[in-house]
Amino acid sequence: MTTDEPVRRPLYARALRLRHLRPSGLWCFVFFEGMIALGVLLALTELVSWWAVLVLPASVAVMVKVNDVLAGAWANPPAPPATPPAAGPPARPGWPAQPPGVRQVSRDLTDTLDPAHSIRQRFRQSARRRYQ
């Protein structure tokens, strides 16, 4: 299996062509076979007619599809592409590029001037917590 192949979804999700919901195999089993079993059980106890064995799974499938459509309508719009950062000083070999707005100073003071969201600062903080 390559990384380009999509993960095989359950037949129930593929049959309903769900785009936004990703039910697991267990949930697909509950939605379809579980509702058939519930319909048979209700029909055997004579609480409903035998039509419930067909109507119950179909109505659950309609509700799942409507939920998928609503999830797609209320989904967050995709984020706009990020603008390229302003041209800053050249990166030092072996170090990530300097974020915009950080002044070039001597190497021993650079540790204190990195913004909190920079890669080096996050790495440094995680190493401190690791050895405390």
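My notes start with the whole chain and then go residue by residue.

**Ground rules**

This is a predicted model, so I noted that local features need pLDDT of at least 70, that side-chain atom pairs count only at pLDDT 80 or more, and that totals for chains, interfaces and linings use all residues. Residues are numbered from 1 along each chain as its sequence is written, and side-chain values use heavy atoms, with hydrogens and water left out.

**Whole chain**

I looked up the helices and strands first, and found 5 helices and 0 strands. These are DSSP runs numbered from the N terminus (helices are H or I, at least four residues; strands are E, at least two). Read along the sequence, the pattern is α-α-α-α-α.

Next I checked burial: of the 132 residues, 21% are buried. Buried means under 20% relative accessible area, exposed means over 50%, and partly exposed is in between (1.4 Å probe, protein chains only).

Of the contacts between residues at least 6 apart in sequence, 32% join residues at least 24 apart.

**The core**

Which residues make up the largest nonpolar core? I listed 9 of them: Y12, A13, L16, L18, C28, M35, V60, A61 and V64. Two or more of these residues come from each of α1 (11-16), α2 (25-44) and α3 (52-73). A nonpolar core here is a set of buried Ala, Val, Leu, Ile, Met, Phe, Trp, Tyr and Cys residues joined through side-chain atoms within 4.5 Å.

I then clicked on Y12. Skipping its neighbours within four places in sequence, Y12 is in contact with C28, F31, F32, V60, A61 and V64.

**D68**

D68 sits in helix α3, and it got me curious. It is buried yet has no salt bridge, and the nearest side chain of opposite charge, K65, is 4.0 Å away. A salt bridge needs a side-chain nitrogen of Lys or Arg within 4 Å of a carboxyl oxygen of Asp or Glu. For charge, Lys and Arg count as positive and Asp and Glu as negative, while His and the chain ends are not counted.

So what does D68 touch? Leaving aside neighbours within four places in sequence, I noted contacts with R17, L18, R19, H20 and L21. A polar atom of the D68 side chain lies 3.1 Å from the backbone nitrogen of R19.

**The loop between α1 and α2**

R17 is in this loop. R17 has a positive phi of about 55 degrees although it is not a glycine. I marked R17 as exposed because its relative accessibility is 66%.

R22 is in the loop between α1 and α2 too. I marked R22 as exposed because its relative accessible area is 57%. The R22 side chain reaches the backbone oxygen of R19 at 3.3 Å.

**Two last look-ups**

E46, in the loop between α2 and α3, has a positive phi of about 60 degrees although it is not a glycine.

G34 lies in helix α2, and it counts as partly exposed because its relative accessibility is 24%.

Note on methods: Contact means heavy atoms within 4.5 Å. A polar contact is a pair of N or O atoms within 3.5 Å; within protein, one must be able to donate a hydrogen and the other to accept it, and residues adjacent in sequence count only if both atoms are side-chain atoms.
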